[in-house]
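Subject: Structure handover

Hi,

Here is the structure for you to look through. My notes follow below it.

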Amino acid sequence: MNPEKVVFGFFIVLSLTLNFGFFVGEIDDPVHHNVYELFAVLVVNIIATLLKFGDRSQQGAILLSTSLVAVLQLVAAAILWMWVEHISGSGLTPSAMASIVSLSGGAMLANIISVVLLIIETVMLRR
Amino acid sequence: MDNIVFLILRRMRRPLLTLVLVYAVSILGLVLIPGQDAQGQPWHMSFFHAFYFVSFMSTTIGFGEVPYEFTDAQRVWVTICIYLSVVAWLYAIGTILSLLQDKTFQHAIRERRFAQRIRRMREPFYILCGYGETGRELARALTERGQHVVVVDLNEDKINLLKLQNLRDYVPALHANARTPRYLMEAGLGHPQCAGVVALTNNNEVNLKIAITAKLLNPDVTVICRADSHEIEANMASFGTDYIIDPFDTFAKYLSTALQTPGLYLLQRWLTSRPGTLLPEPVYPPTRGHWIIGGYGRFGKAVFERLKKEDISVTVMEATPEKTGEPRQGVVKGRGTEEETLLEADIQQAVGIVAGTDNDANNLSIVMTARAMTNKLFVIARQNYRENDTLFQAVGADMVMHPSAIVAEKIRVLLATPMLYEFMSLAAYQEENWACELVSRIAGLVDHRVPLIQEFCIQQSRHCAIEYMLERGKVVRLGDIMREPGNLERPLNSIALLRISRNSRELLPADDTELLLGDKLLFCGTRHAFSTMEWILCHGPTLEYMLTGEDQPRSWLWRKYGKRFKR
């Protein structure tokens with residue numbers, strides 16, 4: 001058992017599960033979407049991205065790019081949240097909430113691809 | 001490219017992870033710990049404020065507690081966070097700094113810049129492997145003639161030396177082992193503009209490996225190699241190395257030229273020396289009498305064979321004949337630096353001595369001891385290191401054999417003026433009188449300095465005037481372009497040495513030779529002569545004037561009516 005692979009898999013799967021947790025619920029209902037959960041998703045995704053740095057294989061490159069996509073989407077969601085709460089002052093209206101959640105939904109898609117790639121790599125491993 | 005990015009990513013992974021963790025923990029703590037707003041109401045920091053606060057916390061401590069003053073509980077947490085984040089930042093910045101100073105990293109960056117520069121080369125260039133004395137001389141000679149050079153050397157000091165050297169052209173240099181094919185490829189072996197590879201390292205095996213690599217990976221490229229042993233030479237020749245240069249054999253060949261035809265040898269020296277230096281004096285090695293060779297190494301053997309071919313009696317002195325082997329006639333054992341050995345080798349009867357060991361001090365000592373014992377001696381000294389130049393000048397040897405200089409000169413002629421190389425090989429079949437006559441013509445041409453060598457090819461868009469003339473069926477003779485445009489009676493200070501025309505080669509073409517499109521001409525002469533000649537070849541009206549002796553009217557009107565005015 002390779003501890004590096006354990007940590008790697010852990011973070012990739014965790015980023016997907018957390019992302020899913022944030023995503024489920026009525027899309028425009030702020031009660032269903034917790035800000036702490038978004039924070040956790042963002043942090044775990046950044047960590048997962050960093051873990052993929054320096055992997056020279058083709059698989060590693062694609063994993064890195066999907067992670068970057070996820071991080072980008074989540075950062076956009078976080079900035080949007082900050083904007084409506086603190087700057088525009090309109091608060092979490094249903095439309096703003098829907099935008100945030102749909103952005104995180106996009107990130108979830110990227111995370112799903114990451115996990116699928118991880119599973120493919122594991123299946124292909126002949127050792 | 002990949003190398004550098006991946007090196008940074010791999011090294012920075014851990015520090016960045018630490019930083020993200022510290023940030024995450026700090027932000028989370030600040031959001032969770034309850035605070036108070038200005039009215040004393042309980043208040044929770046939002047993620048946005050927490051992120052803002054943590055971002056400036058470690059870098060500008062003391063910026064203030066925003067947006068409301070902190071409670072004591074928050075302050076305790078912030079204190080912990082400050083220490084955590086400062087350490088994490090230091091760790092990250094420290095790693096970046098040490099990475100920048102890392103040798104491997106710096107080398108990766110330099111290698112990448114080098115490869116980029118080579119890829120952008122748009123003119124033919126030569127790859128020099130090995131930047132010792134030979135490489136330095138060659139690089140200077142080639143850049144002076146406007147040719148491009150790329151250098152690969154194992155020794156970093158030599159590469160640094162290149163930067164200090166004031167060469168005319170920028171020479172990209174890579175500090176790497178040219179044995180490794182990857183580095184040769186990086187130096188441009190696969191580049192479409194790569195004209196040749198020159199292997200000049202002081203290691204035969206490495207030169208051999210470079211030659212093989214070059215011939216395998218780019219068969220069209222010219223490969224020139226230095227080799228000191230016959231075995232390696234045969235090996236190199238077996239896979240088609242274009243030119244193999246053995247300094248000892250080359251010198252021995254010069255020596256036999258000097259013995260048989262001193263005039264031809266002088267001609268060769270005058271034409272192949274560095275232009276602008278003083279013309280070398282003629283040498284007349286004695287062909288009758290007894291010769292002594294000190295040292296029976298690679299050089300000694302080469303000279304011994306040549307002298308024997310001339311039926312000259314030779315005695316060999318060698319300190320360690322069991323190592324070097326000995327000729328059939330036997331050797332006098334000893335270094336030759338002491339009187340007894342020289343006496344035993346019959347110094348009193350000798351007319352010439354060759355100091356040919358691989359130790360400069362011994363060679364000088366042999367020459368000085370021998371000179372002290374008998375006065376009329378022809379001295380050939382082998383100089384192994386360039387730094388002893390002044391010593392060998394002071395000792396006044398008639399011929400000095402400096403391997404690096406010989407190799408450099410030969411390759412310089414080969415690469416910079418290939419027609420001169422051809423001229424010399426054709427001249428080798430000429431009579432001694434022919435050579436002497438040419439030598440006296442050259443002496444009249446220039447003022448005790450080595451003349452410039454120039455090649456002209458009459459089929460270049462640059463020489464459009466002559467091309468225009470020839471295409472219209474006008475006859476242009478060689479003499480027409482070798483006169484002063486200001487005074488047609490006066491010839492230019494130059495001699496036409498060789499004309500290559502549709503595979504026929506003509507030595508010293510006469511003035512009335514008709515020039516054809518595609519002709520290649522080789523001249524020796526002065527700078528002024530060549531710039532004038534260039535002007536004649538490019539400038540239509542001047543060329544017309546040279547042919548007819550009068551200015552032709554150039555405007556349509558004047559051409560039509562000018563003739564009537566003249567009448």
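A term to start with: a crossing is left-handed if the near helix is turned anticlockwise from the far one by less than a right angle, and right-handed if clockwise. Helices (H or I, at least four residues) and strands (E, at least two) are DSSP runs, numbered from the N terminus.

Ground rules next. This is a predicted model, where local features need pLDDT of at least 70, side-chain atom pairs count only at pLDDT 80 or more, and totals for chains, interfaces and linings use all residues. Residues are numbered from 1 along each chain as its sequence is written, while chains are lettered from A and ligands numbered from 1 in the order in which they are written.

Chain A

Chain A has four helices and zero strands. From the N terminus, its elements run α-α-α-α. It has 127 residues, and 35% of them count as buried. Buried takes 20 or more other C-beta atoms within 10 Å of the residue's own, exposed 12 or fewer, and partly exposed is in between, with C-beta atoms placed from the backbone. Two residues are in contact if their C-beta atoms, placed from the backbone, lie within 7 Å. Of the contacts in chain A with a separation of 6 or more, 69% join residues 24 or more positions apart.

Now the helix pairs. Packed helices are described by the angle between their axes and the distance between the axes. Axes are lines fitted to C-alpha atoms, for helices over the stretch in contact, and angles run from 0 to 180 degrees between N-to-C directions.

In chain A, helix α1 (residues 3–23) and helix α2 (residues 35–52) have axes that come within 9 Å and cross at roughly 155°. α1(A) and α2(A) are therefore roughly antiparallel. Angles over 145 degrees get that label; under 35 is roughly parallel, 65 to 115 roughly perpendicular and the rest oblique. The crossing of α1(A) and α2(A) is left-handed. On the α1(A) side, the residues that meet α2(A) include A:F8, A:F11 and A:F22. Those on the α2(A) side include A:V41, A:V44 and A:L51. By class, this contact of α1(A) with α2(A) has 13 nonpolar, four polar and one charged residues. Here Ala, Val, Leu, Ile, Met, Phe, Trp, Tyr, Cys and Pro count as nonpolar, Asp, Glu, Lys and Arg as charged, and the others, Gly among them, as polar.

Helix α3 (residues 58–87) and helix α4 (residues 94–124) of chain A have axes that come within 9 Å and cross at roughly 165°. That makes α3(A) roughly antiparallel to α4(A). α3(A) passes α4(A) in a left-handed crossing. The contact of α3(A) with α4(A) divides into 17 nonpolar, nine polar and one charged.

Chain B

Chain B has 23 helices and 20 strands. Of its 567 residues, 34% are buried. Residues 24 or more positions apart make up 66% of its contacts with a separation of 6 or more.

The axes of helix α10 (residues 247–260) of chain B and α17(B) come within 9 Å and cross at roughly 80°. α10(B) and α17(B) are therefore roughly perpendicular to each other. B:P247, B:T250 and B:F251 in α10(B) meet B:P403, B:I406, B:V407 and B:K410 in α17(B).

Two loop residues deserve a look. Most residues other than glycine have a negative phi. B:H448 has a positive phi near 60° and sits in the loop between α19 and β15 (452–457) of chain B. B:H448 counts as exposed, with 8 C-beta neighbours inside 10 Å. B:L508 has a positive phi of about 40°. B:L508 is in the loop between β19 (504–507) and β20 (520–525) of chain B and is partly exposed, with 16 other C-beta atoms within 10 Å.

Cores and interface

A nonpolar core is a set of buried Ala, Val, Leu, Ile, Met, Phe, Trp, Tyr and Cys residues joined through C-beta atoms within 7 Å. The largest has 117 residues, of which B:I127, B:L128, B:C129, B:V198 and B:I293 touch the most other members. Helix α17 (residues 403–416) of chain B gives the largest share of this core, six residues. A second, separate core of 44 residues includes A:F11, A:M97, A:L103 and B:V22.

Which chains meet? The contact takes eleven residues from chain B and twelve residues from chain A. α1(B) gives the most to the side of chain B that touches chain A, with eight residues. That side divides into eight nonpolar, one polar and two charged residues.

Best wishes
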